[in-house]
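Colleague: Please take a close look at one part of this complex for me. I would like the contact between the chains, and then what surrounds it.

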Amino acid sequence: MSANTILFYILATIIIGGAIMAVTSLKIFRAAIYLLFSLIGIAGLYFWLNYEFLAAVQIVVYVGGIVVLIIFSIFLTHGSGEDMTAPKLSRSIFGAIAAACGFSLTICIINQHHFFVSTAKAIEPSVQNIGRQMLSTTAHGYVLPFEVISILLLAAMIGAIVIAIKIKPKA
Amino acid sequence: MKTIFLISLSSLARHIHIWLEELIGNPNGVYITEMTIVGISLIVFLVVLCFFLGYAERKVAAFMQIRLGPNRVGPKGSLQIIADTVKLLFKEGLTPTAADKFLFHLAPLIMVITAMLALAPIAFAKDFQIFDISIGVLYVASVSSMAVIGILMAGWSSYNKYSLLGAMRSGAQIVSYELSVGLSLISIVILTGSLRMSDIVMSQSDGWWLFKGHIPILISFVIFIIASTAEINRAPFDLTEAESELTGGFHTEYSGMKFAMFLLSEYINLFIVSAIAATLFLGGWMPLHFGHWEGFNHVMDYIPSSIWFLGKTFIIIFIIMWFRWTFPRLRVDQLLNLEWKYLLPISMVNILVVTLMAIMGWHF
């Protein structure tokens with residue numbers, strides 16, 4: 001077994017272990033921290049694949065943004081320090097069935113899909129290449145989705161400001 | 001000039017590499033041995049650095065307040081910090097009974113690990129760098145954004161309302177000041193066209209960005225220093241540990257070596273912030289050169305690159321320490337106003353000006 005494979009299994013253990021602990025933990029803050037480990041493991045997987053840019057974005061967005069937001073909302077929740085009550089047996093069973101169905105569906109699709117090895121030379125995933133691809137208007141450019149997402153984010157930002165703004169009552 | 005460069009840090013690293021290759025032979029073995037050497041020397045460097053910074057902080061504070069500072073242990077009190085460390089080592093590490101034990105012990109580790117990870121792409125001298133990753137600046141920004149999790153974890157798991165309040169304040173502070181830090185870093189990235197640390201240093205071989213970039217870069221340098229002082233929770237932005245209101249903020253319940261680890265991570269962060277500022281704005285290990293002063297430039301070339309880098313870094317550390325004894329602590333509303341109403345709009349406009357400057361080629 002090469003060092004590469006060993007690294008992959010270590011990362012996979014962190015991701016899956018973190019995910020399982022996040023779901024089964026009874027303390028809500030601990031669940032958020034286990035989720036954090038899982039997300040860091042995914043960033044590690046991107047580093048392992050040499051997708052450095054994506055790995056850094058994964059850390060900025062998920063670890064620095066979303067997990068911090070989750071932790072803040074936990075802080076503002078009443079009684080977040082106590083253990084949650086264990087779920088009812090029927091709920092656990094249905095949850096397990098739903099998870100098993102999703103798992104088998106994914107496995108089926110992976111088995112039916114024919115993976116082929118591309119002979120084309122790999123494009124270096126450098127920031128320069130990603131930027132050019134993102135803003136190019138040619139056949140494989142992503143300028144339209146990029147702009148659509150920008151407008152979506154702008155709308156979300158304006159919405160947040162409108163919700164948060166304090167309008168002084170007219171005297 | 002050749003003989004001088006033979007004893008540089010990069011040639012030392014190269015010689016060790018050649019020696020290890022002859023000794024071990026197996027490339028994987030060499031790789032693992034080198035990683036171990038780098039890890040150990042990094043830890044030793046950081047511990048020595050923290051001793052030095054701890055002593056420097058007290059002496060600078062004393063100098064600012066016209067008093068002597070530590071002067072009993074060792075010559076001029078220089079061994080005071082070692083006495084303090086021994087004291088911390090022997091102190092009992094208390095854990096509150098109601099604390100979430102696992103997270104309580106994990107939080108200081110997360111703080112130190114994130115601080116040490118962010119050191120990887122920093123160029124300490126010419127060709128002397130742990131990992132010249134292609135996304136250098138973005139890597140530092142992303143890894144240091146994890147520090148807030150450690151603070152939130154410490155504050156929550158202590159089961160103490162003052163700790164929790166300190167952690168909440170710190171979370172709001174770090175998340176908002178991260179934006180200004182990021183935008184001021186981007187202004188240099190726009191001019192350089194690369195995120196790689198070595199490219200950024202090389203682009204300053206004909207002059208530092210602070211001089212080449214005119215007023216917009218000066219503005220982003222000032223914004224970077226202010227916002228990063230806030231990001232590492234140092235005075236005047238130390239609301240998270242404001243002792244008059246919150247006793248000790250997020251680390252109130254910590255004692256002994258766990259407290260020492262928070263101190264360690266604070267000093268490492270101080271070093272990283274100053275090193276990034278020195279690399280991006282002051283040319284990293286590049287010597288100071290003036291246009292056509294051949295003699296002057298030649299003399300400057302003789303100073304080793306590591307001295308240049310550390311010198312610039314320590315000047316910025318001194319400036320940040322100077323802040324601490326100059327400005328009074330901000331209130332929470334002042335803190336958020338400063339970021340959202342002043343720094344962020346200024347840096348956004350500044351980015352546009354820098355972009356225009358880069359497109360038109362107005363910089364030197």
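Modeller: First, the criterion: two residues are in contact if their C-beta atoms, placed from the backbone, lie within 7 Å. Bear in mind that this is a predicted model.

By that criterion, 21 residues of chain A meet 24 residues of chain B. Take the chain A side. Two helices, α2 (28-48) and α3 (52-75) of chain A, each put at least two residues into the side that touches chain B. The largest share comes from α3(A), with 12 residues. By class, this side of chain A has 15 nonpolar, three polar and three charged residues. For the complex, the predictor reports an ipTM of 0.82 and a pTM of 0.88.

Now the partner, chain B. Its domain assignment lists domain 1 (1-90) and domain 2 (96-360). The centres of domain 1 and domain 2 of chain B, taken over C-alpha atoms, are 20 Å apart. There is a contact inside this chain too: 20 residues of domain 1 of chain B touch 25 residues of domain 2 of chain B. On the domain 1 side, α2 (9-24), α3 (27-64) and α4 (80-90) of chain B each supply at least two residues. Helix α3(B) gives the most, with 11 residues. The domain 1 side of that contact divides into 15 nonpolar, four polar and one charged residues.

Next, a helix pair in chain B. Helix α8 (residues 161-192) and helix α16 (residues 332-360) of chain B have axes that come within 9 Å and cross at roughly 15°. Angles under 35 degrees count as roughly parallel, so α8(B) is roughly parallel to α16(B). The crossing of α8(B) past α16(B) is left-handed. Their contact holds 16 nonpolar, eight polar and two charged residues.

Last, confidence in chain B. The mean pLDDT of chain B is 84, with 96% of its residues at 70 or more. Among the elements of chain B, helix α11 (residues 214-231) has the highest mean pLDDT, 90. The lowest, 47, belongs to helix α1 (residues 2-6) of chain B. Over residues 1-5 of chain B the pLDDT is below 50. Beyond near neighbours in sequence, that stretch of chain B has three contacts in the model.

Definitions and conventions:
Residues numbered from 1 in each chain as written. Chains lettered and ligands numbered in written order. Predicted model: local features only at pLDDT ≥ 70, side-chain atom pairs only at ≥ 80, totals over all residues. Axes fitted to C-alpha atoms, helices over the stretch in contact; angles between N-to-C directions. Helix = DSSP H or I, 4+ residues; strand = E, 2+ residues; numbered from the N terminus. Parallel < 35°, antiparallel > 145°, perpendicular 65-115°, else oblique. Left-handed = near helix turned anticlockwise from the far one by under 90°. Nonpolar A, V, L, I, M, F, W, Y, C, P; charged D, E, K, R; others polar. Domains from an automatic or database assignment. pLDDT = per-residue confidence, 0-100.
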